[in-house]
Amino acid sequence: MKLFPSNNQTIWKNMWLDELKKNPEKQEGEEHFKKWDKRAQMFDKRSATPEAVSRKQRILSMLKEAGALQAGNRVLDVGAGSGNWAISMAEMGASVVALEPSDGMIEILRQKRDAKGFGPDQIRIIQQTWQDLDLEKEGLTGEFDLVFASMSPGVCNPSTLEKVMQASRNFCYLSTFSGGSPRSCYNDLWRHVTGQELESTSWDFIYPFTYVYALGYRPRTDFNVWTHDHKETIDEALENITFFIQGATEVSSEIRQKLKAHITSQAIDGIFHQEQTFCQGIMLWQVA
């Protein structure tokens with residue numbers, strides 16, 4: 001609930017919007033979703049690693065302890081992906097609306113839902129982007145006990161964050177990177193080959209947090225830190241860096257050749273190795 005709204009909300013909102021102007025990545029359109037179609041199996045596999053499962057259980061426990069996730073609750077999962085969260089929430093007795101635009105992700109989600117024996121009343125799938133979803137038309141305004149967005153590219157600016165709160169009648173949850181993202185481990189490589197910077201910081205946790213804070217809410221916050229050891233073949237590394245940067249800039253055949261040559265020069269026995277530490281910012285707040 002709103003406790004102490006500030007008089008400078010516009011300042012924090014404009015700071016976020018100004019940073020977004022520096023972000024070259026396009027996260028809309030058919031090509032963007034095709035990227036995730038191709039990555040759906042790998043994404044789902046990574047969400048099942050012991051470290052990922054442990055992080056998920058900590059967050060589910062936090063939601064349960066706060067009263068945000070209980071049997072009988074109605075939950076909206078924004079950017080549901082392959083169902084990593086939706087399935088677990090349904091197992092805890094919640095009724096979940098899973099919003100996801102990618103065909104590849106939805107195919108895996110449906111397979112999981114069917115394997116668990118959940119019907120559409122327990123996990124309803126809507127294939128649409130968060131930006132395009134019309135809450136009023138779908139009758140979803142203020143309909144959810146929890147609106148949940150975990151690392152979702154759909155909640156990427158002030159208006160999409162405000163929309164999260166419009167859909168909720170109680171709790172909102174948001175997590176995003178705090179500091180480096182998966183793309184940042186390729187930044188040195190990209191700079192070496194092209195002389196350009198790869199990313200802006202518009203995705204950083206500080207922007208949604210300070211905006212929600214300025215609106216008068218006092219979110220419960222937490223941070224997860226983990227290290228991922230990238231060990232990839234030369235071809236895998238090339239495909240991964242291409243995946244992460246093709247939304248920001250065109251990867252020509254010439255650039256691909258330069259990237260592959262540099263990756264090959266850094267590889268040992270055909271394996272390109274990078275270790276990266278991630279920090280995930282988490283916040284949970286009540287709108288009523």
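Is Asp114 buried or exposed? Select Asp114 to begin: this residue is exposed, with a relative accessible area of 53%. Here, buried means under 20% relative accessible area, exposed means over 50%, and partly exposed lies in between (1.4 Å probe, protein chains only).

Before moving on, a word about the model. Residues are numbered from 1 along each chain as its sequence is written, and side-chain values use heavy atoms, with hydrogens and water left out. This is a predicted model, in which local features need pLDDT of at least 70 and side-chain atom pairs count only at pLDDT 80 or more, while totals for chains, interfaces and linings use all residues.

**Stop 1: salt bridges**

A salt bridge here is a side-chain nitrogen of Lys or Arg within 4 Å of a carboxyl oxygen of Asp or Glu. The structure holds 12 salt bridges.

For another one, select Arg74 and Glu143, whose closest N and O atoms are 3.4 Å apart. Arg74 sits in strand β1 and Glu143 in the loop between α6 (135-138) and β4, so this pair ties together parts that are 69 residues apart in sequence. Helices (H or I, at least four residues) and strands (E, at least two) are DSSP runs, numbered from the N terminus. Arg74 is partly exposed at 24% relative accessible area, and Glu143 is partly exposed at 29%.

**Stop 2: helix α11**

Now select residues 253-266. This is helix α11, with 14 residues, and it reaches 20 Å from its first C-alpha to its last, close to the 20 Å expected at 1.5 Å a residue. The expected span is 1.5 Å times one less than the number of residues.

Colour Ile255, Leu259, His262 and Ile263, which are buried. They cover an arc of only 100° around the axis, which puts them on the same side of α11. That arc is taken from the directions from the helix axis to the C-beta atoms. On the face turned away from the buried side, look for the exposed residues Ser253 and Gln257.

Lys258 counts as partly exposed, at 40% relative accessibility.

**Stop 3: the nonpolar cores**

A nonpolar core is a set of buried Ala, Val, Leu, Ile, Met, Phe, Trp, Tyr and Cys residues joined through side-chain atoms within 4.5 Å. Select Leu76, Val78, Trp130, Val155, Leu161, Met165 and Trp285: of the 29 residues in the largest core, these touch the most other members. Among the elements that each supply at least two residues are β1 (74-78), β4 (144-150) and β7 (271-286). The largest share, four residues, comes from α7. A second, separate core of 27 residues includes Trp85, Val96, Leu109 and Ile125.

**Stop 4: Ser168**

Finish in strand β5, where Ser168 is found. Ser168 counts as buried, at 7% relative accessibility. Show the backbone of Phe171 too: its oxygen lies 2.8 Å from a polar atom of the Ser168 side chain. Leaving aside neighbours within four places in sequence, Ser168 is in contact (heavy atoms within 4.5 Å) with Gly142, Phe144, Asp145, Val147 and Val287.

Methods: A polar contact is a pair of N or O atoms within 3.5 Å; within protein, one must be able to donate a hydrogen and the other to accept it, and residues adjacent in sequence count only if both atoms are side-chain atoms.
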